[in-house]
Amino acid sequence: MSLKTNGNYFANYILQFEPKSLDKVIEAGCKYFQFSWGLPSLEIISKIRNAGAKFGIQVSSKNNAEKALELKPDFLICQGLEAGGHIQATQYNKYALPQVLEVAGEIPVLVSGGISTGEDIRAAIHIGAAGVVMGTRFITTKESNLADIYTRKLLEAGENSTVYTNCYNKDWNAMHRVLRTNTFLNWEAEGCPLIGNKPGEGDVIAKSASGSDIYRYSARRPVEGDTGDLESMCMYAGEGISKIKDIPTAAELIERLWKEFENK
Ligand SMILES: Cc1cc2nc3c(=O)[nH]c(=O)nc-3n(C[C@H](O)[C@H](O)[C@H](O)COP(=O)(O)O)c2cc1C
């Protein structure tokens, strides 16, 4: 495995799927791991610890924070319903974060969901978070590989443009937050039927750069090189999208976030 950075990075594993690459990633020298949608096994934890690495677990309530803390993680991530992408959370951070902070004690808690600006980061720190995790703000940067139509839709989005749904559940039947695009609107107009009865369910709507089929209701987001009806694909976005109105470089964004955070 070859690395393109000497800086810090972390590996993120969704534990609804087997973390097949874990040994290789540890071997490559990754020092930070994050787990969501489940708890890492004791075997995984011992591999991470033996490599001198740290790990965090994503939670969203007092109950699952308590279970995660039994595994002695280095940090927790508190995800709220405002987040973009697949959402493990069952409540907004307004409710989840105080519960998680109450049981976390000295373990740092990062807030995830709806954070778009330095002011948002300041507000999260003010109520006790140690830091934040940002998704949607960073997919709208120059380095991001989204297809142009997806970037355009993100920039056009307003306050009610996202929806929490299980519409795009062909590959993984889990809740997610996405933009209200064609596929969602047509499915909703039909009364949100279950798998097997969804309109246009078998349609191949696009192709990846390598030529593989992309089906309607697939969890696949449109990226550079995809062709076809990209507008009907799954476009993840958090509720913070309404505050995102430009495409800076990641470096410009970090600089801006710091300035806003420090209120300069
Ligand atoms: C395009 C996109 C892809 C994501 N993919 C993953 C993923 O593979 N694993 C995961 O745990 N979370 C994933 N997330 C969720 C993020 O980890 C995080 O919870 C979320 O982006 C935070 O909310 P925000 O988007 O409002 O900043 C994704 C989010 C987005 C927007």
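This is a predicted model: local features need pLDDT of at least 70, side-chain atom pairs count only at pLDDT 80 or more; totals for chains, interfaces and linings use all residues.
How many nonpolar, polar and charged residues does the lining of the largest pocket have, by class? Residues are numbered from 1 along each chain as its sequence is written, and side-chain values use heavy atoms, with hydrogens and water left out.

View 1. Welcome to the pocket, which has a volume of about 1,700 Å³ (the space filled by probe spheres set on grid points joined across faces, edges and corners). A pocket here is an open set of points on a 1 Å grid over the protein atoms alone, where a 1.4 Å probe fits and protein lies on both sides within 12 Å along at least five of seven lines; lining residues have an atom within 4 Å of a point. By class, the lining has 27 nonpolar, 17 polar and three charged residues, with Gly counted as polar. Of the 47 lining residues, Phe10, Gln34, Val133, Met134 and Gly135 lie nearest the pocket centre. Domain 1 (11–134) and domain 2 (148–241) both contribute to this lining, so the pocket lies between them; the bounds come from an automatic or database domain assignment.

**View 2. The ligand in its pocket.** The ligand sits in the largest pocket (more than half of its atoms lie within 2 Å of the grid points). Around the ligand are 17 residues, of which Gln79, Ser112, Gly114, Gly135 and Thr136 come nearest (a heavy atom within 4 Å counts as near).

View 3. Look for pairs of N or O atoms within 3.5 Å. Oxygen atoms of the ligand lie 3.0 Å from a polar side-chain atom of Ser36, 3.3 Å from a polar backbone atom of Gly84 and 2.8 Å from a backbone N or O atom of Gly114. The protein covers 84% of the 590 Å² of accessible area that the ligand has on its own (Shrake-Rupley method, 1.4 Å probe).

Notes
A polar contact is a pair of N or O atoms within 3.5 Å; within protein, one must be able to donate a hydrogen and the other to accept it, and residues adjacent in sequence count only if both atoms are side-chain atoms.
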